[in-house]
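Visitor: Hi, I'm new to this one. Can you put it up and walk me through it?
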Amino acid sequence: MASALDGAIAHVSQGLGSGIGWGHYTDWGVTAVYGEDNGLVAVAIDAMDGPLVRLQDIDLIARVPSEVRADIQDLAFRERTSVRVNWSGDPEVEAWGLSMGAAQEQGLAPDGYTQRLDRMITNALLVGPELAKNPFGSEPVIRWRDVRDEPPNVGAWPVRAQQERQHWDWTPLESVGPLRFGMKPQEVAAALSEEPTTRHGRYPFGTSWQGLGQWILAEDRFDRVGVTAHYSSGYNRPPTLGAVTIHGLTGPQVELAGIQLIGMTVSAVDTALIQHIEERDLGLAVGCGGDLGVDGLNMYVRATRAGDTVVSEARFCQAQWEDHG
């Protein structure tokens, strides 16, 4: 792979040289996934930095997702090939070894810094025939991107109208709506009057020792209310509420100094937040993925997909919580 990319070096990698692993070649905007004997089995193309791959007359990369979907469906119809929907709600074609995806577009602000834009652009995973039946569910792709805990999408992103959302108060570092940091999982469910839609957790010894030791609850997702509860836990320490993500598509509205944080245009929220910080001489906090917040509040405005665009959501955390994604 390195020779094919003019000697490129994988700046982020895992397992390279061991026979099974992956490497991300930043300069080329591609990730190579290797199977046994270091054989190449899949290539992921970045939305922002990857090459502009073509499938016959279709440009696959860095385009509006719905337009690429329509082009793929048209070509598949002409070639009498079936198209299905993958885990992210994007088209997947087994006969072509193609699984589409999308990522938020990034741009440059007037001051030269990277800023989040308000639309999604396409990326793609290309695989060989041995992985084409289930690209993201197959080894070794899941070592690079494990989506088994991601909520599957049917290809639609309904956004709840603002007038249909609950309005929650927020006390930084203490509570959001009826949820107080430090609650036990059963107290969270009772406060929301809803049982978790899905639960995610882990075993303490990692994937090599899956099933050994006590399963540790990491998060509960509540789809009716539109929130995810994230728990802090450890050895002989039961899970307690450490952070809450308010879903951008369906969650309650929360405000900061009159700025609506949920279900809004991301660039508008970012602009209002920066203005709020500058007017009051506060500090700007930047989390994973360019999420913005006010220093000291441990709140980050995030972005979630709404089809071809994105809307804002937010994660509210207790003081000692470190937000890693």
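Visitor: What do the side chains of Asp291 and Arg302 meet in?
Guide: The side chains of Asp291 and Arg302 meet in a salt bridge, 3.6 Å from N to O. The term stands for a side-chain nitrogen of Lys or Arg within 4 Å of a carboxyl oxygen of Asp or Glu. Before we go on: this is a predicted model, where local features need pLDDT of at least 70 and side-chain atom pairs count only at pLDDT 80 or more, while totals for chains, interfaces and linings use all residues. Residues are numbered from 1 along each chain as its sequence is written, and side-chain values use heavy atoms, with hydrogens and water left out.

Visitor: Where do Asp291 and Arg302 lie?
Guide: Asp291 is in the loop between strand E20 (284-286) and strand E21 (292-294), and Arg302 is in strand E22, so the pair ties together parts 11 residues apart in sequence. Helices (H or I, at least four residues) and strands (E, at least two) are DSSP runs, numbered from the N terminus.

Visitor: Are Asp291 and Arg302 buried or exposed?
Guide: Both Asp291 and Arg302 are buried. Buried means under 20% relative accessible area, exposed means over 50%, and partly exposed is in between, using a 1.4 Å probe and protein chains only. Arg302 counts as buried because its relative accessibility is 13%.

Visitor: Which residues are linked with Arg302 in a network of salt bridges?
Guide: Arg116, Asp270, Asp291 and Glu313 are linked with Arg302 in that network. The side chain of Glu313 meets that of Arg302 at 4.0 Å, N to O. Glu313 lies in strand E23 (residues 309-317), and at 10% relative accessibility Glu313 counts as buried.

Visitor: And Asp270, where does that one lie?
Guide: Asp270 lies in helix H4. At 7% relative accessibility, Asp270 counts as buried. Leaving aside neighbours within four places in sequence, Asp270 is in contact (heavy atoms within 4.5 Å) with Arg116, Leu292 and Val301.

Visitor: Which residues of H4 are buried?
Guide: In H4, the buried ones are Val266, Val269, Asp270, Leu273, His276 and Ile277. They cover an arc of only 130° around the axis, which puts them on the same side of H4. That arc is taken from the directions from the helix axis to the C-beta atoms. Thr271, Glu278 and Glu279, on the other side of H4, are exposed.

Visitor: How many salt bridges does the structure hold?
Guide: The structure holds 18 salt bridges. One of them joins the side chains of Asp90 and Arg305, at 2.9 Å from N to O. Asp90 sits in the loop between E7 and E8 and Arg305 in strand E22 (residues 299-306), 215 residues apart. Asp90 is buried, with a relative accessible area of 3%, and Arg305 is buried too, at 12%.

Visitor: Switching to rings: how many aromatic pairs turn up?
Guide: A search of the whole structure finds 3 aromatic pairs. Rings of Phe, Tyr and Trp (its six-membered ring) pair if their centres lie within 6.5 Å; planes under 30 degrees apart count as stacked, over 60 as edge-to-face and the rest as tilted. Trp87 and Phe136 have ring centres 5.8 Å apart and planes at 70°, so the pair is edge-to-face.

Visitor: Which residues do the ring pairs link into a cluster?
Guide: The ring pairs link Trp87, Phe136 and Trp144. Trp87 is partly exposed, with a relative accessible area of 22%, whereas Phe136 counts as buried at 10%.
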